[in-house]
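Biologist: I would like to go through this model with you, starting with what counts as a contact. Could you set that out before we turn to individual residues?

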Amino acid sequence: MTTEKMSLSRVSMEIFIRKYFFFQKRIEMLYPLEDSPEDPIEVQREAHLTFMETRSKSVLGRDQQLGEIQDYIRNDQTYSPLVLVGQSGAGKSSIIARSARDVCDMIDDGQLSGKVFVHFVGATPGSTDLVSFLKRIVAELSPDNKESISDLQGYVQLVCRLLSKEEIGPVYLFIDAINQMDEDKQYYLARWLPCQLAQNIRVVISTIENTDTHQILTKFVPAPKEIACGPLDETSREEIVRNILRDYTKELHPDQMRLLISKKGSSNPLWLAVACEELRVEAVFETVTSMIEAFPNELIDMEVNLINRLVRGENGDQIKSALLLLEVSRHGLLETELMELLAEKNLHLVGSTFEEGDENEKVKPGCKKTIPARDWAIIYRNIKQLLRPCGNLGDGRLDFYHRSLSKAVRKQFLSGSPGEEKKHVYVHWHRVLADYFEKATDDDRRAEELPYHLEQLSDSARLEKCLIDWNIFNRLYDEHFAVELIRFWKAAGGYEAAARRYTDSLGQLKETEISRTEFSEQQYKVANFLKAGGQFRQAHAMMLESIAIEEAENTVKIDPFRVAQMCHWTAYCKRALSFKEPTPEEKIKSFEEAIETYHKSNAFLDRLTCEESEVLRGRSNCGMAHVMLKISDEKKTHDSDEFQSIAAPLIKSSVDVLEKYNAIRYLIDALGTQSLIVPNGPEFFEEKKRIRMRALDLCLRTFGEVHDLFVTKSRNFGAILKKADDYESAYDWYHRSLVASTKLYGPEHSYTQLVQKDLQDPVFTDIAERRFRSAEETKLPLAVGYEPPENNDEQIGKNPGNESGKKNETGASDDENEPNGAKLEIAERTDRSGMCCFL
């Protein structure tokens, strides 16, 4: 009996094993794991290719545009990008998709060689992020690239070099909707996309006409060729309508079709898509004609009609809430977030809150009450045609597919009388999202959304509490462009408040079990941010302590580049503080300490041979050259020429290195210092002016007006013109510097006050008063009569006893060369029309 049982068990086990391996092989055949890309960049690549295949299936009435793009791909000799422009909804994405698909086919057929890169902004989660986008380009153009890059600045420079490199290619890049890239990064376009491409590289890029990105592209030299995506012809309109309605087994009577395509708005493919969406749900055939007759011609009005129909239907209040939440959110919402938010029944009632409770209680997303699946299915089914294709149901972030849809939601729910907004409605929805994200545990999403909504609510107390949370700070911080922290602290109480709160928080952090190295890293980040806010005294002290910790704790495994960078910025802060010293002797002593710290930075760089170290050395040499010139000014003796002679080769080597590596930002600084080497005197004025104009030209083309570099360079140019007695032009540049500084930093910032002081010169107040009297439309800047505080600890470049604000030539500030308290790489959203006046 026992033997028989054992035999049966053995047989059963053998059958089980055979079945196990049988099913295992079949599952692997159906769902092969090795074919599933694990690399995030490869996942993105396949998602964009899938989007290309979907969008390229039906492109009607665009043969001319497709032909021009194909001619560019095959025969271009300009080596410039090709720009496809048109209104929202004009079908640019479909043209880009079909063109890319055609090039893929030509490569497969052997008509072309090379590879295709496609990127549809908004097609996948993260596709609007500039760093992710640039990483994809690097992976495509240089898959074996070994450069260690950790910030946006590095990727921008690398992509620019790759697109200009003759050894690369052939590569065909198709980039759709560049204007939908994250708004605070759009002005990097002129930095990563060169005006002149390598011979084997083609770039086709689409944008909505008259947007900021379109304006930037038109400033390229030589100007890129543009292809207009204009109105559809009537045959194409009719075919589009037939194709859309065929999917729903519907069609229009010939008379109804003629009526529809005769509408002015039917020249826009998106207008036709919205019209067909409205027609397909109309159950009564007899009313279709009157419905078509009532269609408005403007796209936004058609979208408003669609939205109104949705909110009048089942779950209408929740649909309205969903649309408003998406509109007021900063960068869209995850599906789980939206389901949790919509679980509150009275959320749509202005004045209600999301969820009352302990503000310190954190709720794990996905574990709290959500809207019933049936209700969510109805809501999603109704609004999915309005959303960007960020993945299937249950995957990715939800946001509006077209900006026109966002405008339609604002027009319908958030606008009052013409030109006015319902501010109380905005406040309600910002409060709902602030309350929600304050309790979330996903720190990435908290950092992305919470400070923004608190800023919109003007809730400075909660915003300050949010910003001193290290998890939030570390996600908002960036060594090169901490513009968000700058902006949020302006709303939370200012830079001095930030210095106090972070100093207290670091003291508390020091008492925890954190290692000294980790503390040093956190303190350095804070110091770098405070430097950007003009708080040089606190930043200098923190950096000195961080350097001491690094040298004491990491004697064996010290990172020379990291410490060199710390020394560089420590010297920068020391130089900023030197301008406050009361006597020339004390200023010279401070300047000499700054030079010593620059030398220390270069000593650490001597251990390295990489591009990053060479660029930093170029920046440090530029800083040293500027300090040498300052010492020369202060000494005013026969040996001051010695410092001039030392500064000249330093600045020449700096310009050469920064030009070699295309480090535009720092090259602009170096050119400013190079102009100071040029002797004073009427015979040298044109040479000095030429160098400064080159720096301004680079600045405007690369960054625009509302940027820290433009603030300093325009003021410096004004100083040159003033010295040449061209007071009218000098006033214009000082005024532009003031406007940019006020927008960027606010009126209380030290540099804004410095330019205000410049404009108090009697010659400038006379010009302002005369212009105001002669032309009513010429408005006086409010800051002309502004009196800065008597004892502003952070004011820089102030020359005691010189009430006119006049400075000698080498006293003109140059960003790193004379710190202005702002190290930003991007500007706040603003109108930058006429940004490139020297082109």
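Modeller: Contact means that heavy atoms lie within 4.5 Å. By that criterion, and leaving aside neighbours within four places in sequence, Arg617 is in contact with Asn602, Leu605 and Asp606. Please bear in mind that this is a predicted model.

Biologist: Where does Arg617 sit, and is Arg617 buried or exposed?

Modeller: Arg617 belongs to helix H28, which covers residues 611-635. Its relative accessibility is 18%, so Arg617 counts as buried, given that the cut-off for buried is under 20%.

Biologist: How far apart are the C-alpha atoms of Arg617 and Ala564?

Modeller: They are separated by 9.1 Å, although the two residues are 53 residues apart along the chain.

Biologist: Let us step back to the whole protein. How many helices and strands are there?

Modeller: There are 35 helices and seven strands. The protein has 839 residues, of which 55% count as buried. Among contacts with a separation of 6 or more, 74% are between residues 24 or more positions apart.

Biologist: Now the aromatics. How many aromatic pairs are found in the whole structure?

Modeller: The search finds 20 aromatic pairs. One of them joins Phe579 and Phe591: the ring centres are 5.9 Å apart and the planes stand at 75°, so the pair is edge-to-face. Phe579 is in the loop between helix H26 (560-578) and helix H27 (584-605), while Phe591 is in helix H27, so the pair ties together parts that are twelve residues apart in sequence.

Biologist: Are Phe579 and Phe591 buried or exposed?

Modeller: Phe579 and Phe591 are both buried. Another pair, Tyr731 with Phe764, is tilted, with 6.1 Å from centre to centre and 50° between the planes.

Biologist: Which helices do Tyr731 and Phe764 lie in?

Modeller: Tyr731 is in helix H33 (residues 727-745) and Phe764 is in helix H35 (residues 762-774), so this pair ties together parts that are 33 residues apart in sequence. Tyr731 and Phe764 are both buried.

Biologist: Which residues do ring pairs link into a cluster?

Modeller: That cluster consists of Trp470, Phe473, Tyr477, Trp489, Tyr502 and Phe529.

Biologist: And charges over rings: which ring does the charged end of Lys531 sit over?

Modeller: The charged end of Lys531 sits over the ring of Tyr572, at 5.4 Å from the ring centre. Arg619 lies over the face of Tyr666, 4.0 Å from the centre of that ring.

Biologist: A change of topic: what can you say about Gln523, and what does Gln523 touch?

Modeller: Gln523 is part of helix H24, residues 516-532, and is buried, with a relative accessible area of 4%. Not counting residues up to four places away in sequence, Gln523 touches Leu506, Met542, Glu545 and Ser546.

Biologist: Finally, helix packing. At what angle do helix H3 and helix H4 pack?

Modeller: Helix H3 (residues 63-75) and helix H4 (residues 92-108) pack at about 45°, and their axes are 10 Å apart. H3 and H4 are therefore oblique to each other. The crossing of H3 past H4 is right-handed.

Terms used. Residues numbered from 1 in each chain as written. Predicted model: local features only at pLDDT ≥ 70, side-chain atom pairs only at ≥ 80, totals over all residues. Heavy atoms only, no water. Phe/Tyr/Trp six-rings, centres within 6.5 Å; stacked < 30°, edge-to-face > 60°. Helix = DSSP H or I, 4+ residues; strand = E, 2+ residues; numbered from the N terminus. Buried < 20%, exposed > 50% of the residue type's maximum accessible area, 1.4 Å probe, protein only. Lys NZ or Arg CZ within 6 Å of the ring centre and 35° of its normal. Axes fitted to C-alpha atoms, helices over the stretch in contact; angles between N-to-C directions. Parallel < 35°, antiparallel > 145°, perpendicular 65-115°, else oblique. Left-handed = near helix turned anticlockwise from the far one by under 90°.
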